[in-house]
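Please read the following note with the structure open beside you, and check each point against what you see there.

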Amino acid sequence: MKKIFCILIITAFTSACSTTPISGKQAFLLTSSETENQQGEEAYRDILAKEKVVTGTREAKMVEAIGKRIAAIANQPDFKWEFKTLQSDTPNAFCLPGGKVAVYTGIFKYAKNEAGLATVMGHEIGHAIARHGGQRMTQAMATNVALAGLAAVGLAKMDPDKKGLVMAALGVGATIGIILPFSRANETEADEIGLTLMSRAGYDPQEAVNFWDRFSQAGGKSPPAFLSTHPPSPQRKEHLQSLLPKALTEYQSSPKLGIGQEF
Ligand SMILES: [Zn+2]
């Protein structure tokens, strides 16, 4: 118990409030970005080893090109960006801390074009830039002392249940069977960052609203995990529309690629 307390106190002293770029929001974190990025890297390797990674296709090349354009304007020097395409009918995507992005082939039919996919990738990258994984770990640690020590431990050294929890907190829940949606506030912030990123990267931000309209059709009897954690609600649409004027200004001084190529 004493040891855990010491870890908590030490961690509290070495961490602080951090200001999120673009949204300007304050976040209190008990985790360090170094550890988050390290754990993100490990979780990514774990997932890539289990999933079918698609390489060399037109779509996989487009995912990489979109990712690189966003990375070029995202100003995240500590990220070691990677953009992988994974074979799966489930429409899903994630970005782990440190810039480890995965896009599932099932989302292409809703993305429809590059700007549509930039909406999804920008949103997921937004979660990573805002360190929502670290925020979730911080909340878990604050309410469960057994998790306190995990802030500085590699995934390989954790027992499977704790490892699952950390991976879910970092944002790959659906992939490993644990669905843990980000909070509404986190979602709103990721939408704002994502819209700014796609606009600066050169994609028409109007397409973000169109994407969520298309994606709302993906419902049906058993909505896919990404849809259940990302409801295309009227509030989401209204929020995006309220951000559009500013995003369009960003877009005007970008390379202006429009909606890009169709998938
Ligand atoms: Zn999200």
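The numbered points below go from the overall fold to single residues.

1. Basis of the note. This is a predicted model, in which local features need pLDDT of at least 70 and side-chain atom pairs count only at pLDDT 80 or more, whereas totals for chains, interfaces and linings use all residues. Residues are numbered from 1 along each chain as its sequence is written, and side-chain values use heavy atoms, with hydrogens and water left out.

2. Overall fold. The protein has 11 helices and 6 strands, where helices (H or I, at least four residues) and strands (E, at least two) are DSSP runs numbered from the N terminus. Its radius of gyration is 18 Å, close to the 18 Å that the globule rule gives for 263 residues, so the protein is as compact as a globular protein of that length; the radius is taken over C-alpha atoms, and the rule is 2.2 Å times the number of residues to the power 0.38. Along its principal axes the C-alpha trace spans about 55 × 35 × 35 Å.

3. Among contacts (heavy atoms within 4.5 Å) between residues at least 6 apart in sequence, 71% join residues at least 24 apart.

4. Glu187 in helix 8 (residues 184-201) and His230 in the loop between helix 10 (225-229) and helix 11 (234-252) link distant parts of the chain, being 43 residues apart, and both Glu187 and His230 are buried.

5. The nonpolar cores. A nonpolar core is a set of buried Ala, Val, Leu, Ile, Met, Phe, Trp, Tyr and Cys residues joined through side-chain atoms within 4.5 Å. The largest one has 41 residues, of which Ile70, Val103, Leu117, Met121, Ile125 and Phe215 touch the most other members, and helix 5 (residues 114-129) gives the most to this core, with 8 residues. Apart from it lies another core, of 22 residues, among them Leu30, Ile47, Met158 and Leu170.

6. Salt bridges. Side chains of opposite charge can pair when their charged atoms come close. A search of the whole structure finds 15 salt bridges, each being a side-chain nitrogen of Lys or Arg within 4 Å of a carboxyl oxygen of Asp or Glu. One of them joins Glu36 and Arg131 (2.8 Å, N to O), and this pair links helix 2 with the loop between helix 5 and helix 6 (132-143), across 95 residues. Glu36 is buried, with a relative accessible area of 3%, and Arg131 is buried as well, at 19%.

7. Lys84 itself, placed in strand 4 (residues 82-86), is partly exposed, with a relative accessible area of 27%, and its contacts beyond four places in sequence include Tyr44, Leu48 and Val53.

8. A charged residue to check. Where does Glu189 lie? Glu189 lies in helix 8, and it is buried yet has no salt bridge, since the nearest side chain of opposite charge, Lys25, is 4.8 Å away. Not counting residues up to four places away in sequence, Glu189 touches Thr20, Ser23, Lys25, Ala130 and His132.

Notes:
Buried < 20%, exposed > 50% of the residue type's maximum accessible area, 1.4 Å probe, protein only. Lys, Arg positive; Asp, Glu negative; His and termini not counted.
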